[in-house]
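Please look at the sequence and the structure shown below. The paragraphs after them lead through the chain step by step.

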Amino acid sequence: MTVLPPARRSREIKTNPGASAAGRRHQCLRWAAGLALLLSGAVVCCGGGSGPSTSTPPVTTVEYFPYQQGWLGADGAYSVPLGRSQSLWLFGDTFVGPANATSRAQATTMVHNSIAISTCTGQTCAWQYYWSGMNTSSPGPQFSTGTTDWFWPEDGFVYDGTLYLAFMQMHATGTSGAFGFAYCGVKMASISNYTAAPNTWSVIYQTLNTGAAAVPGVSIVAAQGPNGNPDPSNPQGVNYAYFFTLIGSSNPATEYMALLRLSLSELNAAARPASNSWEYLRGGLSWETWPGTQTALPGDQAMVIAPGATEMTVRYHSSTNQWIAVYPVGLNNSAYYSLSSFLTQSWGQSQVLYSYPEMQSSNSNYTPNVFCYAAKEHTELETAGQLFFTYACNSLQESDVTSNMNLYHPVVVTQALPQQ
């Protein structure tokens, strides 16, 4: 097993633009902890065996996500293969500063999202970061709502020359403190000129859903599976994109993942409530129309993967003819995985994938306030028989993050690919 540089997670409340940078950072971090608690849910005991995990300290072998160009750490870290050995990386709240900054003491603010494009030879990569107003006095997120709402990234994919990315849209509420936010819903961005420089991208947004009852796009599957068909029981299954959807609950421990699909031919006409092209997977494993006017899924929806998560990946491995879901579970001290031979059914019980060293008292980055989350797989960087995934670590204590550059920065782990 190989582990590469450490991480943290932040979610930020909308702050007063006139506030000091230090004040904004403090508010961001307080809120980050609250959001992670709320979105990730309570610590859940999943049961099951203890799969391929580790309790050894990280061993750094290759530098990923370097501090450069004013990028000073972020969480999230979804990746989308772009071809030509390139991947797009989608980050959540990001510390940014001057181009020559290497410490968070030099950060001027946090932006709600940033991106990187990696160009890799094998697992050795060069990195180029982007956000709006990069290295200027007015930095902003790469993807903006144009209002006081903000976007946090979900999954994405490329189809027929267009890049599609899902985003949770959030807004501040009148509630003060760590929980002063709420979902607005989910939007999908389509970018037809994604091979151009990101500061020239033309982005079109479509609303996929509103509210928090069903959050599509946590993981998206297209052109994967046997012969590129995610649902080979249906010869037409290859013609759809499949959206893993978090089903919200007042009790986070009961949340789970449902499954939606949308015809690839309808990707540019996906906006709801106008579109009635969306279908949901029923408990009997048949597909049924999800009426455009509904924001919750009908009661006969299938529970595909449990527990649910706001960040996860579902990816196919042709070498083992299996699907693997990689995800966090609440604020537990481990990342988890589940396996299935079928995208739509028979997902196995959650198994421990990796025990976070940062949450163990013997680790140099440990404090009682550190917690880790945001586990995701990145198949484009894997070698044969290998699982390549990232996670992030945050802290309930602001000073842990501002002073320790090994926190709030994606951690890369490689280990043997689990098999059934």
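**From surface to sheet and disulfides**

The accessible surface of the chain comes to about 15100 Å², and carbon and sulfur atoms contribute 50% of that area, where accessible areas come from the Shrake-Rupley method with a 1.4 Å probe and, for residues, only the protein chains shown count as cover. The model is a predicted one, in which local features need pLDDT of at least 70 and side-chain atom pairs count only at pLDDT 80 or more, while totals for chains, interfaces and linings use all residues. Residues are numbered from 1 along each chain as its sequence is written, and side-chain values use heavy atoms, with hydrogens and water left out.

Of the 420 residues in the chain, 58% are buried (buried means under 20% relative accessible area, exposed over 50%, and partly exposed in between, with a 1.4 Å probe and protein chains only). Among the contacts with a separation of 6 or more, 61% are made by residues 24 or more positions apart, a contact being heavy atoms within 4.5 Å.

The chain has two helices and 22 strands, which are DSSP runs numbered from the N terminus, with at least four residues (H or I) for a helix and at least two (E) for a strand. Four strands form an open sheet in the order E7-E8-E9-E10, with antiparallel pairing; two strands pair if DSSP finds at least two bridges between them. Strand E7 (150-159) and strand E10 (203-210) stand at the edges with a single partner strand each, so one side of each is left without a neighbour in the sheet. Strand E9 (residues 181-191) pairs with E10 in the antiparallel sense over seven bridges, and valine 186 stands opposite asparagine 209 in E10.

How many disulfides does a search of the whole structure find? The search finds two, a disulfide being a pair of cysteine sulfur atoms within 2.5 Å. One is formed by cysteine 120 and cysteine 125, whose sulfur atoms are 2.0 Å apart; the torsion about their S-S bond is about 105 degrees, so this disulfide is right-handed. Cysteine 120 counts as buried at 10% relative accessibility, and cysteine 125 counts as buried at 15%.

Another disulfide joins cysteine 372 to cysteine 393, with 2.0 Å from S to S. Cysteine 372 lies in strand E20 (residues 370-377) and cysteine 393 in strand E21 (residues 386-395), so the pair ties together parts that are 21 residues apart in sequence. This link is right-handed, with 95 degrees about the S-S bond, and both cysteine 372 and cysteine 393 are buried.
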